[in-house]
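Hello,

Here is the structure I promised to pass on to you. Please open it alongside this message, and the notes below will walk you through what turned up.

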Amino acid sequence: MAVELLSPRKLAVFNKSYEKQPPNNDGTEGCWLWKLQLDRDGYGKTVGVDGTESTRSNRMACYLKTGVWGKQALHSCDVANCVNPAHLRWGTHKENMEDKKNRNRTKMPKTIRPKPAKVTTDQVNEIRALHKETDPAKKLTVENIAKRFNISYTQTQRIISGKCWKPAIEAPPLNPEGDAPPL
Ligand SMILES: [Zn+2]
């Protein structure tokens, strides 16, 4: 990513505003779902480079990837609020229309709201203990705790502050034969 195009602070804010999804079934990278404000078409909204104008977050992701502004940020995944640079490329309105036709898509791309990850009671205790750790060699930042438990920064903060956390529900196996559950 051409990170020098955005101030480190803005880039850090941008990078905390999406939730990476697990890889797709075919092994390709999953979507990075924008979890903040969406516009009325379901696209993510973020501040522009100059800090005043708002811009679509997929356009910003495309800009961060390429270092230039293009006409339309086209998704290969048809998820409006996805900001994974691997799923985005600049294109023209015409290409967008051709894309739609080729994929039999007449409607707007869909919007997928990221689901907060679930953590267990033990993990909540561990997260709080890690945060209270006084030994600087063992202490982790909120960001690193979030990474270790594969949860969002916001959720980690909520767990630490005691505001909320959702315990994992042990679902019974869908398929007693032991096959992978249908996706
Ligand atoms: Zn995507």
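A term to begin with: a residue is buried if 20 or more other C-beta atoms lie within 10 Å of its own, exposed if 12 or fewer, and partly exposed in between, with C-beta atoms placed from the backbone. Helices (H or I, at least four residues) and strands (E, at least two) are DSSP runs, numbered from the N terminus. With that in hand, look at helix α2, residues 57–66, which is mostly covered: eight of its ten residues are buried.

Two notes on the source. Residues are numbered from 1 along each chain as its sequence is written. This is a predicted model, in which local features need pLDDT of at least 70 and side-chain atom pairs count only at pLDDT 80 or more, while totals for chains, interfaces and linings use all residues.

**The chain overall**

The protein chain has six helices and six strands, and from the N terminus on they run α-β-β-β-β-α-β-β-α-α-α-α. Of its 183 residues, 22% are buried. Two residues are in contact if their C-beta atoms, placed from the backbone, lie within 7 Å. Among contacts between residues at least 6 apart in sequence, 50% join residues at least 24 apart.

The buried residues of α2 are S57, N58, R59, M60, A61, C62, Y63 and L64. They pack against α1 (8–15), β2 (32–34), β3 (45–47), β4 (54–56), β5 (72–75) and β6 (88–91). After the helix comes G67, with a positive phi near 80 degrees.

A nonpolar core is a set of buried Ala, Val, Leu, Ile, Met, Phe, Trp, Tyr and Cys residues joined through C-beta atoms within 7 Å. The largest one has 20 residues, of which C31, W32, L33, A61, C82 and V83 touch the most other members. At least two residues each come from β2, α2 and β5, and α2 gives the largest share, five residues. Another core lies apart from it, with six residues that include I127, I145, A146 and I151.

**A buried tyrosine**

Y43 sits in the loop between β2 and β3. Why does Y43 count as buried? Because 24 other C-beta atoms lie within 10 Å. Leaving aside neighbours within four places in sequence, Y43 is in contact with L38, R56, S57, N58, A80 and N81. The C-alpha atoms of Y43 and P109 are separated by 9.0 Å, although the two residues are 66 apart along the chain.

**Helices α5 and α6**

Axes here are lines fitted to C-alpha atoms, for helices over the stretch in contact, and angles run from 0 to 180 degrees between N-to-C directions. The axes of α5 (residues 142–149) and α6 (residues 153–161) come within 9 Å and cross at roughly 105 degrees. V142, E143, I145 and A146 of α5 make the contact with Y153, T156, Q157 and I160 of α6.

**Confidence**

pLDDT is the predictor's confidence in each residue, from 0 to 100. Its mean for the protein chain is 81, and 80% of the residues reach 70 or more. Confidence is lowest in α1, at a mean of 83, and highest in β6, at 96. Over residues 168–173 the pLDDT is below 50, and that stretch has three contacts in the model beyond near neighbours in sequence. For residues 178–183 the pLDDT stays under 50 too, with three contacts beyond four places in sequence.

Best wishes
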